[in-house]
Amino acid sequence: MNQENKLLKAFNQTAYQVAGHGKRNVQILKDALDVIEGDIESDMYGSGKLIEDFQTKMAKYLGKESAVFFPSGTMAQQIALRIWSDQKGLKRVAYHPLSHLEIHEQDGLKELHHLEPILLGERDGVIHLEDVLNMKEDVACLLLELPQREIGGQLPEYAELEAISAHCREKGIALHLDGARLLEILPFYQKSAEEVCALFDSVYVSFYKGIGGIAGAILAGNEAFTKESKVWKRRHGGDLISLYPYILSADFYFDQRLPKMEQYYEEAKELAGYFNQCQAIETKPAVPVSNMFHVHFHLPKEKLESILVSVYEETGVGLTAYLREINETTSYSEISIGDCYSTVPKEVLQKAFQLLDEKIRVVHSD
Ligand SMILES: Cc1ncc(COP(=O)(O)O)c(C=O)c1O
């Protein structure tokens, strides 16, 4: 067995895990359906009370005129950018170099919609007002991802966000929010979803990140925008005859976990603090601004993997299931806090970090 598999295996055998909501197994759907009456009618091709009620609920929560349920954020966002670019008659949009659209969607935006993205901002930072002001090209839409996942979930200052929004309005640039983790940042900004969304023309939120549902997304905006998005959803094959397993679980976990976002955020700061106390470890951001952060380990990956395996085995605490290598001396891992963190007894957690620190110091002094 290679080191990577050993790490995953040791992680899977731990009694406690610091991140996530637990196993992504079928029980997630069973729990959500358990509280639902069996005679509720299924949605049909995007219509019916079940889907429409949820869309209305989410439109209200996000403070938008209307909302549409999609099977995936990938589909919803490509469509959003297509609509804004059609409206302006300009096949150019702007987003961050590490946007989900740029690095995780096999160029869907370019291949399917022939849209040209302008990559705005530095790879290791968020998009700043300066970047937007200095943009030479005219674009139909600017997409902002809050928080910027690939750099540990960083955020701009709220005032800067307001300034970007005002600038886009003035210039006639549609502003779209990749809010896959929107609910997770509200405690940091101390704003309601409605307040943040008011800065944007269209918004996407996910139901399987902090919310922990099965899959699914909401795309919200004005009536004309969402009406058009339904046409594109049909064209993309997104109008499944029934989406209710996704919708019912999205609704169930939204109600259950929305009130816990503040707790996850506080716990993320606490856990990042434990990591940062260890030799050769730092988190990005140093102080999390949501329930997520990245942990950077400045040690050769193989050495780190054996240290982690022994910490998991000795303490029963799983810190991460995988490591991504950046170079020979650094690797990183993404941590998103969910329901699991509060189940780890504090003394057990502290023991795990103490041990981790000790073992790293031994390797460092070699
Ligand atoms: C920031 C961000 N945007 C968009 C998506 C796409 O969501 P989906 O998996 O529903 O297509 C993701 C998924 O990881 C994401 O993290």
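In the predicted model, strands β2 (residues 66–70) and β8 (residues 217–221) form an antiparallel pair held over 5 bridges. Because 5 of the 5 residues of β2 are buried, the strand is largely enclosed by the rest of the structure.

Strand β9 (residues 281–284) presents another arrangement of its faces. Ile-281 and Thr-283 make up a covered face of β9, and Glu-282 and Lys-284 make up an uncovered one. β9 runs antiparallel to β10, to which it is joined by 4 bridges. Across this pairing, Glu-282 stands opposite His-296 of β10. The loop between β9 and β10 contains Pro-285, and the peptide bond that joins Lys-284 to Pro-285 is cis, with omega about -5 degrees.

The protein chain is divided into two parts: domain 1, comprising 3–22 + 260–365, and domain 2, comprising 43–241. The C-alpha centres of domain 1 and domain 2 are 31 Å apart. Domain 1 puts 15 residues into the contact, and domain 2 also puts in 15 residues. On the side of domain 1 that touches domain 2, the elements giving two or more residues are α13 (261–276) and β10 (292–297). Helix α13 supplies the largest share of that side, with 4 residues. By class, the residues on the side of domain 1 that touches domain 2 comprise 8 nonpolar, 5 polar and 2 charged.

Nonpolar side chains tend to be buried together in soluble globular proteins. In the model, the largest nonpolar core has 104 residues. The residues with the most contacts inside this core are Val-93, Cys-141, Leu-142, Tyr-204, Ile-218, Leu-219 and Ile-247. Helix α12 (residues 244–257) gives the most to the core, contributing 8 residues. Domain 1 and domain 2 both give residues to the core, so the core lies between them.

Cys-141, one of the core residues with the most contacts, is located in strand β5 (residues 141–145). A residue is classed as buried when 20 or more other C-beta atoms lie within 10 Å of its own. Cys-141 has 25 other C-beta atoms within 10 Å and is therefore buried. When residues up to four places away in sequence are not counted, Cys-141 touches Leu-81, Trp-84, Ser-85, Val-93, Ile-173, Ala-174 and His-176. Among these contacts, Val-93 is also listed with the residues that have the most contacts inside the core. Ala-174 is 33 residues from Cys-141 in sequence, but their C-alpha atoms are 4.5 Å apart in space.

The residues around the ligand are Ser-72, Gly-73, Thr-74, His-100, Glu-145, Arg-149, Asp-178, Ala-180, Ser-206 and Ala-217. This shell divides into 2 nonpolar, 5 polar and 3 charged residues.

Several backbone features were also noted. Most residues other than glycine have a negative phi, and most peptide bonds are trans. Besides the bond between Lys-284 and Pro-285, the peptide bond from Leu-146 to Pro-147 is cis, with omega near -5 degrees. Pro-147 lies in the loop that connects β5 and α8 (158–171). Positive phi values occur at Asp-107, where phi is near 60 degrees, and at Gln-190, where phi is near 55 degrees. Asp-107 is placed in the loop between α5 (100–103) and α6 (108–113), and Gln-190 in the loop between α9 (182–189) and α10 (193–197). Asp-107 counts as exposed because it has 11 C-beta neighbours inside 10 Å. Gln-190, with 9 C-beta neighbours inside 10 Å, likewise counts as exposed.

Definitions and conventions: Residues are numbered from 1 along each chain as its sequence is written. This is a predicted model: local features need pLDDT of at least 70, side-chain atom pairs count only at pLDDT 80 or more; totals for chains, interfaces and linings use all residues. A nonpolar core is a set of buried Ala, Val, Leu, Ile, Met, Phe, Trp, Tyr and Cys residues joined through C-beta atoms within 7 Å. A residue is buried if 20 or more other C-beta atoms lie within 10 Å of its own, exposed if 12 or fewer, and partly exposed in between; C-beta atoms are placed from the backbone. Domain bounds come from an automatic or database domain assignment. Two residues are in contact if their C-beta atoms, placed from the backbone, lie within 7 Å. A residue is near a molecule or strand if its C-beta atom, placed from the backbone, lies within 6 Å of it. Ala, Val, Leu, Ile, Met, Phe, Trp, Tyr, Cys and Pro count as nonpolar, Asp, Glu, Lys and Arg as charged, and the others, Gly among them, as polar. Two strands pair if DSSP finds at least two bridges between them.
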